[in-house]
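Work through these exercises with the model open beside you. Try each task before reading its solution.

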Amino acid sequence: MTDKPLVTLLIPVYNSPDLFCALESVRKQTYRPLQFILINDCSLNFDEQRVRTYFAAPEKDFTFLLLQNEKNLGTVRSLNRGLALADGKYIFNLASDDAFFDENVLADWVAAFEQTDFDLLTARRAVYDRSLEKVLTVLPTEKAITRIKSASGQELFEYLAKENQVSGACTAWRAESLRGLGLFDEHYRLIEDYPAYLKLLREGGKIGFFDRIVVRYRSGGGSAEGQSVSEDFAHDFIEIFQREIIPYVKKPLLAKARIARWKKSVRFDRWYNREREKSANSKSKLCALRIMYGAYHPTRSARTILSSIQRLNKHKPKLED
């Protein structure tokens with residue numbers, strides 16, 4: 001028997017080619033007791049037998065549960081299905097294409113929780129390339145960390161309403177706090193974390209910062225050139241502004257203007273992708289399109305150029321032990 005609290009780790013899976021990298025980082029965690037729940041959301045390429053074999057050997061204070069959705073439910077409902085069976089005092093999520101930064105992440109994270117009364121603790125993530133070999137940057141920024149640490153609940157709500165700086169990829173919950181919110185809001189399909197943070201802050205909850213890199217995060221999300229957000233994600237994001245932000249912020253007109261700009265950006269990205277596919281055999285048209293993309297998204301383009309320079313110079317930000 002151990003006097004350490006049980007923790008629950010959830011990984012929702014949908015067509016994840018890098019799943020076993022994530023699973024290896026879970027198996028290497030030194031913290032026990034650990035309840036690990038994997039939820040397969042009707043993946044086309046899910047190797048159930050291989051996964052079960054991977055965790056077949058009995059291990060002290062480690063339990064593994066595999067849930068198979070009968071139909072595709074989306075991230076929110078899949079996580080809630082796992083949470084209904086979660087017995088841990090703390091809830092940790094890991095994306096199926098990421099990996100824990102080292103073997104002591106959960107042990108250190110639990111120790112930090114035990115010393116505070118925060119409802120959730122967010123941390124640093126090291127952003128890697130798609131191969132998870134080269135570090136591109138470490139997030140959140142120092143400015144964002146300062147705001148998370150020092151802002152009052154209302155101030156932090158207003159700050160996150162402008163831009164979510166609390167990534168679900170590196171955030172863990174106190175189980176009783178998450179249950180107090182009624183788990184994740186199933187009005188949304190893919191985005192579980194952002195509306196939960198906003199609701200928590202509106203209800204007087206507290207968000208803390210754990211000053212440590214906890215995950216190796218694969219880059220290449222919806223903000224990358226040539227990619228656009230899915231219909232489901234766009235629907236969720238617009239609904240978050242309409243339901244969780246605009247009715248509660250001090251300046252709702254500015255929030256409405258932000259979501260209007262975001263909608264315009266999504267429409268541009270989809271047009272750009274269509275035109276790029278049509279112009280695949282024309283170097284001149286592709287060059288013109290890239291110039292238009294750079295003019296429309298100067299910040300994204302600057303980040304892309306900076307990342308390229310870092311890779312060429314084999315530069316890596318200094319990572320904390």
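**Exercise 1.** Determine whether Y272 and Y293 are buried or exposed, then classify their ring pair.

*Solution.* Start with accessibility. Both Y272 and Y293 are buried (buried is under 20% relative accessible area, exposed over 50%, partly exposed in between, with a 1.4 Å probe and protein chains only). This is a predicted model: local features need pLDDT of at least 70 and side-chain atom pairs 80 or more, while totals for chains, interfaces and linings use all residues. Residues are numbered from 1 along each chain as its sequence is written, and side-chain values use heavy atoms, leaving out hydrogens and water.

Next, F55 and F64. Their ring centres lie 4.6 Å apart with planes at 25°, so this pair is stacked (Phe, Tyr and Trp rings, the six-membered one for Trp, pair with centres within 6.5 Å; planes under 30 degrees apart are stacked, over 60 edge-to-face, the rest tilted). F55 is buried at 11% relative accessible area. F64 is partly exposed at 23%.

Now return to the tyrosines. The ring centres of Y272 and Y293 are 4.7 Å apart and the planes stand at 45°, so the pair is tilted. Y272 sits in helix α10 (residues 252-278) and Y293 in helix α11 (residues 283-296), 21 residues apart, so to speak of the pair is to speak of a link between distant parts of the chain (helices are DSSP runs of H or I, at least four residues; strands are runs of E, at least two; both are numbered from the N terminus).

**Exercise 2.** Describe how α8 and α9 pack.

*Solution.* Take the axes first. Those of α8 (residues 193-202) and α9 (residues 231-245) come within 10 Å and cross at roughly 5° (axes are lines fitted to C-alpha atoms over the stretch in contact; angles run from 0 to 180 degrees between N-to-C directions). The two helices are therefore roughly parallel (under 35 degrees; over 145 is roughly antiparallel, 65 to 115 roughly perpendicular, the rest oblique).

Then list the contacts. Y194, P195, L198 and R202 of α8 meet F237, I240, E244 and I245 of α9 (contact means heavy atoms within 4.5 Å). These residues divide into 6 nonpolar, no polar and 2 charged.

**Exercise 3.** Where is S167 found, and which residues does it contact beyond its sequence neighbours?

*Solution.* S167 lies in the loop between α6 (153-162) and β8 (171-174). S167 is buried, at 15% relative accessibility. Leaving aside neighbours within four places, S167 touches T122, R125, D193 and Y197.

How values were computed
Ala, Val, Leu, Ile, Met, Phe, Trp, Tyr, Cys and Pro count as nonpolar, Asp, Glu, Lys and Arg as charged, and the others, Gly among them, as polar.
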